[in-house]
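Hello,

Here is the structure I promised to pass on.

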Amino acid sequence: MSKPEQDVALDYQQLVEENAELKRSLEALEQDQLAAYQMQHRLLPTNLTLVEGFRLNYLLQPALHLSGDFLDFWSPQPNKLVFYIADVSGSGSASALVTILLRYLLKKYTSQGELSPAELCARVNKELLASGLEKHITLVLGCLDIPTKKLNYTLAAHLPVPLIVGENEVKELEGEGLPVGLFPGAAYKDYTCTFPEQGKLCMASDGVLEVLPGQGLQARQQEWQQLVAATGGDVETLLQRLANPQVGWPDDVTLMTLSGC
Amino acid sequence: MHTGKLLSAKSQHTFILKLVGDVRLTLCCTLDKLLERIFADKEINSFIIDLSQTENLDSTTLGLLAKIAVQASSNGLAQPSIISPNQDITLLLESMGFRQYFILLKQPLTTSQELHEVPQLAGSEEHIKAQVLDAHLTLMSMNERNKEVFKSVVQALEECSEPDCPEN
C-alpha cells in the first residue's frame with residue numbers, strides 16, 4: 001500500500017469508529033427521552049376516568065417524545081372537580097419539565113383549599129416568574145361544583161377557546177386573560193357558567209389549529225368550532241378527522257373533553 | 001414561509017426591532033442576547049417593534065417580546081409600540097393580552113423621517129392638560145357642530161387650568 005492509500009484507509013477506519021460512537025450517543029439520548037416520556041405519561045390522569053359523574057376523555061400527541069402540553073382532572077374535595085389544559089411555550093424537554101412543575105403547584109394549592117381558578121393562576125404566575133425559568137403557559141383552568149353544575153373557570157390566553165357543546169348548540173366559553181408566567185402582577189378573572197345537562201366541554205391545544213385548513217387564526221378557530229359541532233366533540237372522531245398521515249403532527253396536539261353523564 | 005430574520009436599528013433614543021419572516025425558537029437566543037444589550041444601553045428610552053413583515057411568531061418569541069414591555073415598565077420607560085398591519089398577528093398579540101402592555105399600531109413606518117416623529121409620552125399633568133385643551137379648541141374651530149359639542153368640555157378644562165381649581 002502506498003502512503004496516500006494508507007492515509008485513506010486510516011481516515012476511513014476513523015470515520016467508521018466515529019460513526020459508531022455517534023450512534024451510541026444518539027441511542028443513549030433516545031433512551032433518556034423515552035424514560036422521561038414515560039414519566040410524564042405516568043403523571044397524566046387515567047383516560048376515561050369517571051369522577052363525580054363527569055367523564056374525562058383525552059388524547060395527547062407530542063410532536064417529539066416529550067410534550068409541552070399537559071392536562072389533569074381530579075377531585076380535591078367532595079363535590080368539587082378541578083381540571084385544566086395547559087400549553088407551555090416552546091417544546092421538548094424544557095417545556096415538559098414545566099408541565100410537571102405546574103401539576104405540582106396546582107395540586108399543592110388546591111389541597112390547601114384554594115379553588116378559585118383566577119387565584120390559582122395568579123399564584124402560579126408569581127411562582128413561575130420567581131423561578132426565572134423563562135417559560136410561560138397558556139391555560140384553561142376550571143372548577144366544577146357537582147351538585148349545582150356551576151362551572152367556575154379562568155382563561156389564560158389559551159387557544160383555541162374552549163367550546164361548550166350543549167343539546168342544540170356549540171359555543172365558546174366567554175372571557176379572556178393573560179398567559180401565566182409572563183407579566184408580573186397579572187390579574188385573572190373567574191368566570192361562571194352552568195355546565196349543560198348531558199353536555200360536554202371540549203378543549204384542545206393550538207397544535208390542532210395548525211392541522212386545520214383555513215387562512216388565519218380566526219378562520220381556523222371557526223373550522224375548529226364547525227368540526228366540534230359536526231362530531232359532537234367526540235375525541236376519537238375528532239382525531240380521525242384531524243390526522244393526516246402524510247404530514248404527521250407538526251406540533252404537540254392535545255384534545256380533551258369533559259362530559260356530564 | 002421565509003426563514004426568520006432579526007433586524008435592528010438605533011435612532012437617537014429609540015430602538016427599533018424588526019422581525020421578518022417565520023420567527024421561531026432558533027432565533028430566540030440571538031434575540032435574548034440583543035435584549036440584554038439594549039437594556040444595558042442607558043441612552044435608549046423608547047422601543048418600536050415592527051412586525052409588518054412577520055409571517056409567524058412562535059410562543060417563545062412572544063415571551064421575549066413580552067419581556068421588552070416588562071423590562072421597559074420596570075425601568076420606568078414608556079410602553080413600547082408594536083407595528084402590526086397583519087390582522088392575524090394582531091389577533092394573536094391580543095389573545096396574549098399584549099394590548100395592555102404595548103401600543104399596537106396598524107401602519108408600518110416607511111421612512112426614517114417618520115421614525116423620528118414617533119411621539120414620546122412625556123410631560124407633566126399641566127402639559128397634558130394644555131395639550132388636551134388646545135386639541136379641543138382646534139376641534140371647536142373646525143365647524144359649528146363641533147363648537148356646540150365641545151363647548152362644555154373646553155369650559156371644564158379651562159376651569160381646571162385655573163389656579164383655584166380643586167385638582168391643582
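**What I found**

Of the 168 residues in chain B, 23% count as buried, where buried takes 20 or more other C-beta atoms, placed from the backbone, within 10 Å of the residue's own. A word on the source: this is a predicted model, in which local features need pLDDT of at least 70 and side-chain atom pairs count only at pLDDT 80 or more, while totals for chains, interfaces and linings use all residues. Residues are numbered from 1 along each chain as its sequence is written, and chains are lettered from A and ligands numbered from 1 in the order in which they are written.

Chain B has 6 helices and 6 strands, read as DSSP runs (H or I, at least four residues, for helices; E, at least two, for strands). Along the sequence they follow β-β-α-β-β-α-β-α-β-α-α-α. Chain B is divided into domain 1 (5-116) and domain 2 (125-161), with bounds from an automatic or database domain assignment. The C-alpha centres of these two domains of chain B are 35 Å apart.

In chain A, 8 residues of domain 1 are in contact with 9 residues of domain 2, contact meaning C-beta atoms, placed from the backbone, within 7 Å.

Finally, the contact between the chains takes 14 residues from chain A and 13 residues from chain B.

Best wishes

Definitions and conventions. Two residues are in contact if their C-beta atoms, placed from the backbone, lie within 7 Å. A residue is buried if 20 or more other C-beta atoms lie within 10 Å of its own, exposed if 12 or fewer, and partly exposed in between; C-beta atoms are placed from the backbone.
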